[in-house]
Structure formats: C-alpha cells, structure tokens
Amino acid sequence: MTEKKTCLENILNNLARRIPKLDSDLLRAGLITSGLFLSGCVATENPVISQPRIIAPNDLNKENLDQLLKSVYKIKVQSTVKETFLDLRANVLGSIDSQKVSYGSCFAFGKDQGRNMIYFATAEHCLPDREITEEKLYIGGLVRGVKEVSKVKIYIVSGNGEEMVLGELSEVARDDSSDLAILRGNEKNSFFYYSKFIDPLQSFPGQEVYSVGFPHNTQNWEKQLTKGIITNVNPASKISGGNKIMMTEAVLDYGMSGGPSFIIHDGNPEILGVNSKIYTNLKNKFGISSGLVELIEKEKLSYLIEIHRSEVKK
C-alpha cells in the first residue's frame, strides 16, 4: 500500500525540484528560507494536493505593501475625568480633576468620495470611555462619588520625532466583544489608506502573518513590522479573551494594538484583522481580532473595501 504524502512533503519536494542543487532534507531542516512565501496547498477529506505557488521576493507587490504600511497611524486618546464627592445631604466635600491620555495604533481602510471621509479601524480597548456620568458609594455609603467623563478626543499624531496632531477622528462603531472599532476622519487631511482584505475563513494554522503598529511606553517608538505564524484560528473565547480572536506568534508590543495584521496572497498583502491582545501567561502568543470585515459589512461600509474570498475545494 502506497503511503500518502503529506502536504508538507509535497511542498518540500516541489521546492527541491525548483532548486536542483538542494534536497528536501536541507529545506526541511530550515536552512533555506530566502524570503519565499508558500500558498495554494489544499488538503481535503480525500486529499487532492495542488502544488504550491512559490512567491519569490521579486514577486511581492512592494507598491501595495508600501501603501499598506503608510496607511498605519498612531493615535492619541484624551479625555477629562472629574469625580465629585458628596455627603448624605449632597454637600460637596471635594473633587478631583484629571486628564487621561493613552496611545495606540489604527489604519485607514477606505475613502468615501461622496462624504469626503476616510474610515479607520482600531482596537476597541484603545478608545476612551464614552462621555458618561456614573455614581459610586464610599465609606459604607456615607460618601457618594459622581464620576464624569467628558471632552473625549481621538487624534492622529506623528509617529516619530516631536508629537504633532495630524487630524481628529470620530467614532462610528465599536464592538467590545471582539475588541474592534471603526473611526472616521476628514478627507482633507490626505491620509493614505489600504482596502485589500482577506476573508478570515481562508486562514489556517502555520500560515505566515505580519503585524504593524507603533509601540509606545516610556519612549516614542517608530512604526514596527513583526512576523510570525498563526497558531490557532478559532480558540475558545475563555482562552482568547474575546470573540473572533486568532492567536499568532507575530510579536505585539504595548501601543501596537489597533494596527493591522495581514498575510501575503499571490504577492499582495491582504488585511486579516486588528492587533488586539498580548497574552502574558503564554510564551510568544498574541491575539488579533478577525471580525473586522463582519463589522464593516454590518455598518454598510463594504463598498469601501475589496475582500478576497476563495472557493473551498471539495
């Protein structure tokens, strides 16, 4: 009985034929990478293996990659928080005013010519609290605290050098269950945008994935691009910490949340999701939210993007 070859073996043998001086053992050992990307290997219940397409660096659409990288921006989120303390007779005992500032990443995915608007995506946790008023009791109910969050602002700022405000964004939609948000800004600010997406159902464990964003801690780091593989396309929500979260090994640092994660398909970068989570209790595991296409469609903005959806072979 002839032993069935695995998908990996077919890939290695195909590479060995294309590079005659090397054999599949060397390739298997990982000595040859050369920046090649593999795609097109499909296994079914009764495997029919299609030979992978080899995408050499020269076949990578560098113009599209450059456009995608330019579409990634740094955001500064700012709000005013005031908490007033009152006694049982509503007499003011005192108050605390503070400014809350945080940083994250976002990317522009579409331009609406008719409305003169550019649309952006980011992680929901990068956004400030909505303008709210809430109450809380202290000292066994003897003191009542009234918290007001106001003057919520979302700015796009320069990603290197001295911080400069490049534009202001407003909220369109947010989905905290999958850690996603859509924002929009005025077209007059001339932001770059990138609109090519891939259906997350086309992704698979072991596929190479790239993540982009602006790390921000005590220093103002410039834009970073990291690379890894998808390790789980559909982890349980109690493990991933949300709905529609994929787990990868493409490194995310604090501040990169909200930036895009993408794969390379036929030489073109295609957006897979939004940088979302850092799993501190797992080694080299990070989360990206893969529900963005769904949220874009829900908000009736799908006319702004191109979605790659391949037919599943049976």
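Okay, let's start with three rings: Y73, F120 and F191 form one aromatic cluster. One thing to keep in mind throughout is that this is a predicted model.

So what's going on inside that cluster? Let me count pairs for the whole chain before I zoom in. There are 7 aromatic pairs. Take F109 and F197: their ring centres are 6.3 Å apart and the planes meet at 85°, so we call that pair edge-to-face. F109 sits in strand 4, residues 92-112, while F197 is in strand 10, residues 196-198, and the two are 88 residues apart, so this pair links distant parts of the chain. Buried or exposed, these two? Both F109 and F197 are buried.

F120 lies in strand 5, residues 117-122, and F191 in the loop between strand 9 (180-186) and strand 10, so the pair ties together parts that are 71 residues apart in sequence. How about burial? F120 has 0% relative accessibility, so it counts as buried. F191 comes out at 10% relative accessible area, and buried means under 20%, so F191 is buried too.

If you're new to this, here's the general idea: a pair of aromatic rings is described by the distance of the centres and the angle of the planes.

What sits over the ring of Y103? The charged end of K74 does, 5.0 Å from the ring centre.

Let me step back to the whole chain for a second. We have 5 helices and 17 strands. The chain has 314 residues, and 43% of them count as buried. If you take the contacts with a separation of 6 or more, 62% of them are between residues 24 or more positions apart.

You'll find N275 in strand 15, residues 268-278. N275 has 0% relative accessibility, so it counts as buried. What does N275 touch, leaving out residues up to four places away in sequence? Quite a list: A123, S211, V212, L252, M256, S257, G258, G259, P260, S261, G287 and I288.

S290 is our next stop, in the loop between strand 16 (286-289) and helix 5. Although S290 is in a loop, it counts as buried, because its relative accessibility is 14%. Again leaving out residues up to four places away in sequence, S290 touches P200, K244, M246, L272 and G273.

Then there's K111, which lies in strand 4, the strand that also holds F109. K111 is at 26% relative accessibility, so it counts as partly exposed. Where does L304 come in? K111 and L304 are 193 residues apart in sequence, yet 6.5 Å apart in space, going C-alpha to C-alpha. L304 is also one of the residues K111 touches, along with M117, I118, E187 and Y193, once you set aside residues up to four places away in sequence.

Okay, out to the surface. L88, I139 and L142 form a nonpolar patch there, and together they have about 350 Å² of accessible area. L142 is in the loop between strand 6 (132-138) and strand 7 (143-157). With 48% relative accessibility, L142 counts as partly exposed. I139 is in the loop between strand 6 and strand 7 too, and at 62% relative accessibility I139 counts as exposed.

Most residues other than glycine have a negative phi. K300 is in the loop between helix 5 (292-298) and strand 17 (306-308). At 66% relative accessibility, K300 counts as exposed.

That's my tour, and I'm happy to go back to any residue on the screen.

Note on methods. Residues are numbered from 1 along each chain as its sequence is written. This is a predicted model: local features need pLDDT of at least 70, side-chain atom pairs count only at pLDDT 80 or more; totals for chains, interfaces and linings use all residues. Side-chain values use heavy atoms; hydrogens and water are left out. Patches are made of residues with over 30% relative accessible area and no salt bridge: like charges are joined within 9 Å, nonpolar side chains (Val, Leu, Ile, Met, Phe, Trp, Tyr) within 5 Å. Accessible areas come from the Shrake-Rupley method with a 1.4 Å probe; for residues, only the protein chains shown count as cover. A salt bridge is a side-chain nitrogen of Lys or Arg within 4 Å of a carboxyl oxygen of Asp or Glu. Helices (H or I, at least four residues) and strands (E, at least two) are DSSP runs, numbered from the N terminus. Buried means under 20% relative accessible area, exposed over 50%, partly exposed in between (1.4 Å probe, protein chains only). Rings of Phe, Tyr and Trp (its six-membered ring) pair if their centres lie within 6.5 Å; planes under 30 degrees apart count as stacked, over 60 as edge-to-face and the rest as tilted. A charge sits over a ring if NZ of Lys or CZ of Arg is within 6 Å of the ring centre and within 35 degrees of the ring normal. Contact means heavy atoms within 4.5 Å.
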